[in-house]
Amino acid sequence: MSNTIEHIVVVGGGSAGWLAAAVIAAEHRHLRVTLVESPGVPPIGVGEGTWPSMRDTLHRIGVSESDFFRECDAAFKQGSRFDRWVDGSDGDYYFHPFVLPQGYGDANLAAAWQARHREVPFADLASFQPHLCVQGRAPKQARTPEFAAVANYGYHLDAGKFGVFLRTHCVDKLGVRHVLDHVDAVVPHEDGERRGDIAGLRLRESGTLTGDLFIDCTGMQSLLLGGHYGVPLLHQKHVLFNDRALAVQVPYATPDAPIASQTTSTAQSAGWIWDIGLPTRRGIGYVYSSAHVGDEEAARQLGDYVVAGGGPASISPRRIAFEPGYRERFWQRNCVAIGLSAGFIEPLEASALALVEMSAAWLADDMPATRAQMDVVAARFNEAFTYRWERVIEFLKLHYVLSTRSDSSYWIEHRQAGSIPARLQELLELWRTRPPSRRDFPRIEEVFPSASYQYILYGMQFAFDGAPRASDLPQEADRHFREAARLTAQMLPALPSNRALLEHIRMHGLPRI
Amino acid sequence: MPNHAILNNVDHKHLRVITARGAAYGDAVMSALTFPAEFRELQAHYPIVFAKNADGTAFDALALFGFQSGENLFLEERDGAVRWDAPAIPLSVERQPFLIGRGGEELSIHVDLDHPRVSPSESADAGESLFLTYGGTTEYLERIASVLRTLHDGLDDARNFSAALIELELLESFVVDIELDDGSQNRLGGFYTINEERLRALSGERLERLSRTGYLQAIWMAVASLSQFRALIDRKNRSLTRSMAGTHAFNR
């Protein structure tokens with residue numbers, strides 16, 4: 001049958017390209033998968049935080065977690081801590097941990113917290129995980145098997161090393177063919193049923209590479225989807241202003257300095273600074289709005305942050321410019337974009353790699369067997385990922401909308417109604433009298449669960465005022481708060497420090513079972 | 001707290017060790033360490049299972065005596081006397097209260113002076129003596145020395161055995177769901193056993209290597225030992241019946 005899908009061609013060798021190739025090749029051993037990348041194109045190297053979903057992804061492609069930790073300079077991530085986001089004062093912080101609030105869904109935790117426990121931050125009351133982060137604890141023990149957790153976790157990783165790690169696995173274990181060559185031109189089908197499809201890619205050294213499905217992982221240049229097909233970018237700068245980043249690597253002050261178990265995000269006058277702890281260094285960067293702060297002033301603010309954290313006085317950060325937005329479509333004809341080629345907003349909440357994983361998983365699960373099926377799958381993919389990008393944007397915007405900072409026009413403009421998506425405005429209206437619920441996020445695979453919205457809303461002191469309901473069960477809520485405290489007391493002494501466990505993994509690995 | 005001392009015929013000349021069985025002498029344990037060379041003998045009486053060690057780098061082989069901490073279903077009390085109802089007892093139990101210690105290159109016998117098996121009395125019926133009148137060692141101590149040597153070598157070998165099981169990915173976790181005669185549902189978890197499917201799928205070369213080290217036999221002995229779970233559950237039911245009978249008698 002001539003229209004059978006047999007050969008998948010991935011274009012681009014960053015972490016998106018190799019992740020997509022790995023997930024597809026691991027699931028479909030009968031498909032041929034080829035990855036072509038230009039020699040000497042440096043990967044962008046931002047996005048060093050992942051979600052817990054990465055554990056499933058790595059497990060699914062069949063790598064060892066111990067190898068992953070060692071070869072990608074990876075560390076544990078248990079969530080995010082937001083400093084100075086609420087009002088910008090000293091001691092203004094809150095957590096968005098990966099673990100759901102204790103007893104989430106069994107009682108109205110938010111109402112009980114607001115009515116009787118407001119002196120404690122919501123996440124610190126409802127979950128043991130912020131306490132593990134504050135104490136620098138690892139989310140598991142040395143005897144916990146690979147990919148299993150005591151406390152839910154994702155990773156911080158060296159994106160460059162991650163690409164190499166995935167490439168080795170793809171080529172050695174999953175039978176992915178690796179072609180190093182420049183793509184000079186896209187060769188379309190000229191006629192017949194496939195007219196308009198991509199027939200192949202003309203490579204500079206090795207001739208034309210033909211394929212049935214082309215995955216565009218070419219980064220922001222979006223060579224196939226944006227370049228060849230001209231699918232426009234839906235700009236989002238009017239909602240989320242950040243369009244620049246300055247990134248720097250900073251050594252630890254001492255070799256045994258604690259490794260933070262969360263991404264720390266510290267709000268600045270025109271953006272925020274990420275701080276990510278790897279075993280051998282910290283990755284720090286300032287993501288900001290070029291309309292609100294100049295590059296030099298941004299570099300000065302970043303330098304101040306680095307020095308305040310014990311880092312070197314002189315830094316030379318790498319500057320990255322990006323256009324926040326996502327494509328009007330992600331899948332056109334026989335071409336689908338995954339990664340930055342599909343869109344990029346800003347690294348808040350580290351959704352970039354997560355969207356790559358979701359896209360790759362969707363493709364692997366719903367891989368069209370024939371060209372005839374492809375348009376059906378493409379339409380569903382486009383609908384699903386448009387929904388997901390919209391939700392990501394709303395969730396990120398929520399962090400800015402709830403801030404009461406007024407020290408710069410950046411923060412004030414973020415709260416102007418014209419910059420807030422309509423759906424988010426509607427939800428905020430509902431949340432004035434009740435907490436976010438499952439009904440607000442009805443899809444089976446929501447990007448962010450309603451619990452994440454609660455962590456942000458109540459972490460940022462959003463007040464609501466609704467009449468009590470029978471299902472509030474305030475005593476039940478208090479029982480869950482006590483249970484969270486009990487788990488905290490039980491886990492703190494039982495879990496090793498982040499650095500101690502990472503060192504143990506480097507020496508001995510984690511058990512497979 | 002253990003109180004370890006190197007055994008010598010001056011300080012411990014009159015020491016006596018109680019060899020009777022019983023909870024009072026530290027026998028109320030759910031399991032005991034074992035090692036491949038002992039499997040053949042133990043598998044006829046106890047389930048042999050594996051448990052992850054503290055830092056997750058190895059698996060210890062254990063002979064199981066009960067289903068919960070402190071429960072040894074092989075201890076039976078009859079007419080005031082306690083016996084261990086099995087013809088073979090793991091060496092790691094038999095060695096009590098002695099341990100092997102290393103002083104430089106030499107292996108030496110240590111004794112835990114606070115162990116309940118160390119008799120508070122020095123009279124002839126208080127237990128086994130260790131040294132003869134003029135300083136020589138008793139037959140009992142000779143046997144203990146031999147037990148400790150065998151145990152020491154066996155546990156060394158057990159580490160290699162564990163490494164082989166991990167390398168060949170032959171272990172899998174398992175749970176035993178137990179319905180007792182009193183209708184209660186119980187679950188035993190946290191242990192590992194041999195995955196027979198993977199064992200059968202091993203290449204000839206790997207099987208040969210396992211066979212030469214004696215591990216292949218030990219693996220099958222561990223597999224065979226799982227049929228002792230039935231007997232252990234029967235013991236549990238019998239102990240329930242006894243305690244229920246006791247309750248009824250009391251009520252009457």
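**Exercise 1: an alanine in a loop**

A:A350 sits in the chain A loop that runs between β21 (343-344) and α10 (351-365). Keep in mind that this is a predicted model.

Solution. For context, most residues other than glycine have a negative phi. Next, count neighbours: 20 or more C-beta atoms within 10 Å make a residue buried.

**Exercise 2: a serine in a loop**

Task: find where A:S222 lies, then decide whether A:S222 is buried or exposed.

Solution. Look in chain A between β11 (213-216) and α8 (223-228): the loop there holds A:S222. Its phi is near 45°, positive in a residue other than glycine. A:S222 is buried because it has 24 C-beta neighbours inside 10 Å.

**Exercise 3: a peptide bond in chain B**

Task: which peptide bond joins B:Q96 and B:P97, cis or trans?

Solution. Check omega: it is about 5°, and the bond is cis. Then place B:P97, which is in the chain B loop between α2 (91-94) and β8 (98-103).

**Exercise 4: two domains of chain A**

Task: how many residues do domain 1 and domain 2 of chain A each bring to their contact?

Solution. Domain 1 of chain A covers 7-48 + 158-236 + 325-390, and domain 2 covers 244-321. Domain 1 of chain A gives eight residues and domain 2 of chain A gives 10. On the domain 1 side, five are nonpolar, three are charged and none is polar.

Notes:
Residues numbered from 1 in each chain as written. Chains lettered and ligands numbered in written order. Predicted model: local features only at pLDDT ≥ 70, side-chain atom pairs only at ≥ 80, totals over all residues. Domains from an automatic or database assignment. Contact = placed C-beta atoms within 7 Å. Nonpolar A, V, L, I, M, F, W, Y, C, P; charged D, E, K, R; others polar. Helix = DSSP H or I, 4+ residues; strand = E, 2+ residues; numbered from the N terminus. Buried ≥ 20, exposed ≤ 12 C-beta atoms within 10 Å, placed from the backbone.
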